[in-house]
Amino acid sequence: MKKQKIAILGSGAGTNAENICLYFKNHPSVEVVFVYTNNEKAGLVNKIKKLGVSLFSLKNKKEDFSVGLSFLLSEHDVDYIVLAGFLKKIPASFLKKYNQKIVNIHPSLLPKYGGKGMYGAHIHSLVIKNGEVESGITIHFVNEEYDAGLIIFQKKCTVSKNETIKSLSLKIKKLEHAFYPAVLEKIICK
Ligand code: GRF
């Protein structure tokens with residue numbers, strides 16, 4: 001059977017992108033065909049280059065990223081799009097073509113702390129400020145609204161009394177790295 005091809009999209013440090021690439025290296029039925037970033041200065045760039053996985057980036061920030069990306073997706077015959085810290089909104093045309101085939105990970109227990117402007121340290125700082133006793137990760141399909149698509153998987157962690165943004169962010173990253181690739185594998189190899 002043909003291997004299922006995934007493209008990973010990211011804008012930041014790239015720890016999830018790197019982790020997913022490593023997980024699917026030499027996988028019998030899934031392959032990462034390329035990683036795409038809209039930010040040439042992202043930490044992700046060096047991580048992916050080191051792995052030898054194809055990397056494409058948006059050269060001109062003023063350009064509409066979706067034109068070039070759409071070409072790359074067809075050219076590489078991509079089956080699934082995996083978002084790993086991608087900060088651009090996914091255009092409606094992609095959602096139509098990749099119905100329930102675009103997956104995102106979010107560092108909170110959605111629907112809490114989701115939506116526009118909710119990302120990274122900002123989420124963790126609010127979680128602590130509001131005295132939440134738990135937080136976690138959500139893996140979900142992408143739809144027209146930010147962080148509002150069908151939830152596939154959630155994993156909780158405790159927020160302790162002396163939790164800091166840094167310690168919570170480390171806890172959450174650990175969960176992301178432990179679960180995102182395996183959940184993707186389940187979705188793709190169903
Ligand atoms: C992760 O926390 C993920 O939940 C969110 O963006 C962050 C990306 O981190 N969507 P990294 O670039 O993979 O390190």
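P111 is placed in the loop between β5 and α5. In this predicted model, the peptide bond from L110 to P111 is cis, with omega near 10°. Most residues other than glycine have a negative phi, and most peptide bonds are trans.

N26 sits in the loop between α1 and β2. The phi of N26 is positive, near 65°, and the residue is not a glycine. N26 is exposed, with a relative accessible area of 73%. Q100 belongs to the loop between α4 and β5. Its phi is also positive, about 55°, and Q100 is again not a glycine. Q100 counts as partly exposed, because its relative accessibility is 37%. D77, which follows α3, has a positive phi near 55°.

Helix α1 precedes N26. The buried residues of α1 are N16, A17, I20, C21 and F24. Viewed down the axis of α1, these residues fall within an arc of 135°, so they line one face of the helix. An α-helix has 3.6 residues a turn, so residues three or four places apart point the same way. The cover over the buried residues of α1 includes β1, β2, α2 (44-51), β4 and α6.

Helix α3 spans residues 65-75, and its buried residues are F65, S66, L69, L72 and L73.

Helix α6 (residues 165-188) packs with α1 (residues 15-24) at an angle of about 45°. The axes of this pair are 10 Å apart. The two helices are therefore oblique to each other. Their crossing is right-handed. From α1, the contact involves T15, N16, N19, I20, Y23 and F24. These meet K173, E176, H177, Y180, P181, A182, L184 and E185 in α6. The residues of this contact divide into 7 nonpolar, 4 polar and 3 charged. N16, I20 and F24 of α1 belong to this contact and are also buried.

Helix α6 also meets α5 (residues 120-129), and the axes of α5 and α6 come within 9 Å and cross at roughly 115°. This angle makes α5 roughly perpendicular to α6. The crossing of α5 and α6 is right-handed. A121, H124, S125, V127 and I128 of α5 make the contact with I165, L168, S169 and I172 of α6. The contact of α5 with α6 comprises 6 nonpolar, 3 polar and no charged residues.

H106 lies in strand β5 (residues 102-106). H106 counts as buried, because its relative accessibility is 3%. Leaving aside residues up to four places away in sequence, H106 touches Y113, G114, M118, I123, G136, I137, T138, H140, D147 and E176. Among these, E176 is also one of the α6 residues that α1 meets. H106 and K166 are 60 residues apart along the chain, and their C-alpha atoms are separated by 17 Å.

Definitions and conventions. Residues numbered from 1 in each chain as written. Predicted model: local features only at pLDDT ≥ 70, side-chain atom pairs only at ≥ 80, totals over all residues. Heavy atoms only, no water. Buried < 20%, exposed > 50% of the residue type's maximum accessible area, 1.4 Å probe, protein only. Helix = DSSP H or I, 4+ residues; strand = E, 2+ residues; numbered from the N terminus. Axes fitted to C-alpha atoms, helices over the stretch in contact; angles between N-to-C directions. Parallel < 35°, antiparallel > 145°, perpendicular 65-115°, else oblique. Left-handed = near helix turned anticlockwise from the far one by under 90°. Contact = heavy atoms within 4.5 Å. Nonpolar A, V, L, I, M, F, W, Y, C, P; charged D, E, K, R; others polar. Arc of directions from axis to C-beta.
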